[in-house]
Amino acid sequence: MINLSIPKTAGCLLIICLVHINSIVKAQNSVKEPVVQEEKINSLLQKMTLEEKVGQMNQYNGFWEITGPAPKDGDAKKKYDHLRKGMVGAVLNVKGTENVRKLQEIAVKETRLGIPLLFGYDVIHGHKTLFPIPLGEAASWDLAAIETSARTAAIEASAAGINWTFAPMVDITRDARWGRVMEGAGEDTYLGTKIGLARIKGFQGDDLAANNTIIACAKHFAGYGFAEAGRDYNTVDVGTSTLYNTILPPFKAAVEAGVQTVMNSFNTLNGVPATGNKWLQRDILKDAWKFNGFVVSDWGSGMEMIDHGFAANLKQVAEQSANAGSDMDMESYAYVNHLKELVETGKVDIKLVDDAVRRILRVKYKLGLFDDPYKYCDAAREKELIYNPAHAVAALDVAKRSIVLLKNTYVKGSGRPLLPLAKNQQKIGVIGALANDKNSPLGSWRIGSDDNTAVSVLEGLKKYSSNLTYAKGADLAIGKTDFINEVKINETDTSGFKEAIQLASNSDMVIMVLGEHGFQSGEGRSRTKLNLPGVQQQLLEAVYAVNKNIVLVLMNGRPLAITWADENIPSIVETWQLGSQTGHAIAQVLYGDYNPSGKLPMTFPRSVGQVPVYYNTLNTGRPGPKPEVFWSHYGDESNKPLYPFGFGLSYTSFAYSNLVINDANPAAVKVTATVTNTGKLDGEEVAQLYMRDKVASVVRPVKELKGFSKFSLKAGEARQVSFTLTAAELGFYDNTGTFVLEPGDFDLMIGGNSVEGVKGSFTLK
Ligand code: BGC
């Protein structure tokens, strides 16, 4: 939900903002399914040569930006030549109305059949105006806000000529070492599914034929989030139950919600690369789920089957991919070079090619590209909508909702916690390179945007206080940092410590902004450590030695193991990478103009050795604890996480009571509880419903999120929350992939996180 109160920090004209935001929201009200005339597709298909059909299945990267390893066979001259011959169906990484129009004109005016191109782009968390990274947004648990974020991204991207985003990533992941945790919604299938759907709705809107909606892409199908040891692109080896119950459901829901494209993935699953996996793409996605959009390969994932040891050469790649149901080849050059011959020699049935082309053309018809191929190429619209002030207002709103208060304890002698900060101009020292960084808060997946455009934390804080002084303490990264190269972290230079320690000694309190560089998470950016990188821990301890009144503002793209900080620092705020409006959002939360309401979408470990650590684990046969050693545990660390899934504090407090279960109708079991704001401030809470199916034919997790609701409560106010459990929530997939509902005992809990709450149980008859 957009809060329309304009923050004093947002410098935009109120009227423009309101009018434009109304139009953002209005686009969601009327449902309009595009009517696609299959006869039109068939008659076009009949006119196409085999080469032109293969052309529709070929996607080229634009010629000046890359989001993967540089293409070996990618010279621009050849690509233009192919474009003119109708051998290209889509491009990626081309943006801006002028550039898009140039290529679209070639496709429409110079090719024999004039079939328009699709223009794909990684619009991951905003296009120019950046919203929080998806993991951060997920922490808002605010589906309306998340939908608005995607809607706004679609408005900006479509204004820049783009009609297809490679988002949302709906990969569930339990491993914080994996750099791409920043791109998804975290560890939980229920939450991740709801968020994926909100994002698809935001991107695709209700009318694909409109000029401000774009097609979405559920990725990466499937299992990519389970890369072994969190190392990107690594082998995936998951059991059947995890695949059916944890990994596949967000994709199935996306298909049911009308997502137009699905991207396969780099990894193998049971030894078969996803791109060559017929079982995943044909048997499950297209046959069982009746997906009628198209599958795009991941960047070069076809040709990577050679490195996997699945295909001997590119020709075999083309054969395997086409037969397995990968409809469009992104940057492998397999189809464009070999598919024609494979059809002619009977290795690939023409019916499969026709099916792929039909799917691609159907999407182009749905987008209205045959009616107006230049509908996204309006330069005046581009000028008006890129960085439109209303988008900054929306980005700020989502950003502040994404912040999670992790700790806020009373400080000795002051009688209150450090947060919210008093607005009495106490002397504040601000320390840490990230405080003065306008780039890192943008995260790593923001290729469409502009570097150094975030409001820094320092800039945000300065709007509230003139009595603050900044000292960097230490650089976080060394040298040039960008999307393509590894970030070099400063591991040795502590020359700025002296100044920071002096500042801390002379300040009433200190705000330390520490965490990860913006390019330390994202694709190809896995870590073995989950600490504060470089010399930051050392800096934190050095400052703590002279001033214990520290608010630690974390800025990072993944859960961190900050056990020392949790034990010693009085107040800790998780801010992820919040995008363009970072500094304003953080300042509003620190100064209490917005009462934090975020909850963790992913467990924070105590130490990296616990990973993967997640809340919805199966019980073991030896759960313990036991006095002797023979139970499932570590000798040197607790089993418990540092902060559990669903956890997040507020400046007020909430109490849960009175759980009531009404199971009179087993098809719709009603569960209610009372939530009371027991503190002195108004605030927002996310009530969460967890369930355990106690005995089942396939062992079920100790807890599973099955419902949540975010709402505001005035100080002292109470309300009832209510959830309904139907077969969809109570059942599960057995090991044949069949959804089953088994009678028996269920435990339930409603609370403000995955650990605490009011409990009850019932028997499903
Ligand atoms: C990523 C995809 C992305 C694609 C195109 C790949 O490297 O895995 O998620 O959409 O590149 O940029």
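**Exercise 1. Strands S5 and S6**

Task: In this predicted model, state how many bridges join S5 to S6 and in which sense the two strands run. Then explain why S5 counts as largely enclosed.

Solution: 
- Step 1. Strand S6 covers residues 261-264, and four bridges join S5 to S6.
- Step 2. The two strands run parallel.
- Step 3. Strand S5 spans residues 217-221, and five of its five residues are buried, so the rest of the structure largely encloses S5. The cut-off applied here is a relative accessible area under 20%.

**Exercise 2. The five-stranded sheet**

Task: Give the strand order of the open sheet of five strands, and find which strands stand at the edges.

Solution: 
- Step 1. The order is S4-S3-S2-S1-S10, and the pairing is parallel.
- Step 2. The edges are held by strand S4 (164-165) and strand S10 (329-330); each has a single partner strand, so one side of each has no neighbour in the sheet.
- Step 3. Take the contact between S10 and strand S1 (residues 58-61): the two pair in the parallel sense over two bridges. Within this pairing, glutamine 59 is opposite methionine 330 of S10.

**Exercise 3. Helix H14**

Task: List the buried residues of helix H14 and identify which elements they pack against.

Solution: 
- Step 1. Helix H14 covers residues 334-344, and its buried residues are Ala334, Tyr335, Val336, His338, Leu339, Leu342 and Val343.
- Step 2. To read the spacing of such a list, recall that an α-helix has 3.6 residues a turn, so residues three or four places apart point the same way.
- Step 3. The packing partners of the buried H14 residues include strands S1 and S10, the pair treated in Exercise 2. The helices they pack against are H3 (50-56), H4 (76-84), H13 (314-324) and H15 (350-366).
- Step 4. After H14 comes glycine 346, with a positive phi near 80°.

**Exercise 4. Cavities**

Task: State how many cavities of 30 Å³ or more the search finds, and describe the lining of the largest cavity by residue class.

Solution: 
- Step 1. Six cavities of 30 Å³ or more are found in the whole structure.
- Step 2. The volume of the largest cavity is about 90 Å³. Among the residues that line this cavity are Glu52, Gln56, Leu83, Arg112 and Ile115.
- Step 3. By class, this lining has five nonpolar, four polar and two charged residues.
- Step 4. For the second largest cavity the volume is about 70 Å³. Its lining has 14 residues, with Met169, Val170, Gly184, Ala185 and Gly192 nearest the centre. Helix H8 (residues 189-204) gives the largest share of that lining, four residues.

**Exercise 5. Pockets**

Task: Give the volumes of the largest pocket and the second largest pocket, and find which element supplies the largest share of the lining of the second largest pocket.

Solution: 
- Step 1. The largest pocket has about 1,200 Å³. It is lined by 32 residues, and Tyr614, Tyr615, Thr617, Asn639 and Val702 lie nearest its centre. The classes are 16 nonpolar, eleven polar and five charged.
- Step 2. The second largest pocket has about 810 Å³. Thr189, Asn245, Pro249, Lys706 and Ala728 are nearest its centre.
- Step 3. Elements that each supply at least two residues to the lining of the second largest pocket include H8, helix H9 (240-247) and strand S22 (704-713). The largest share, five residues, comes from H8.

Conventions
Residues are numbered from 1 along each chain as its sequence is written. This is a predicted model: local features need pLDDT of at least 70, side-chain atom pairs count only at pLDDT 80 or more; totals for chains, interfaces and linings use all residues. Side-chain values use heavy atoms; hydrogens and water are left out. Buried means under 20% relative accessible area, exposed over 50%, partly exposed in between (1.4 Å probe, protein chains only). Two strands pair if DSSP finds at least two bridges between them. On a 1 Å grid over the protein atoms alone, a cavity is a set of points where a 1.4 Å probe fits but cannot get out, and a pocket is an open set with protein on both sides within 12 Å along at least five of seven lines; lining residues have an atom within 4 Å of a point. Grid points are joined across faces, edges and corners, and a volume is the space filled by probe spheres set on the points. Ala, Val, Leu, Ile, Met, Phe, Trp, Tyr, Cys and Pro count as nonpolar, Asp, Glu, Lys and Arg as charged, and the others, Gly among them, as polar. Contact means heavy atoms within 4.5 Å.
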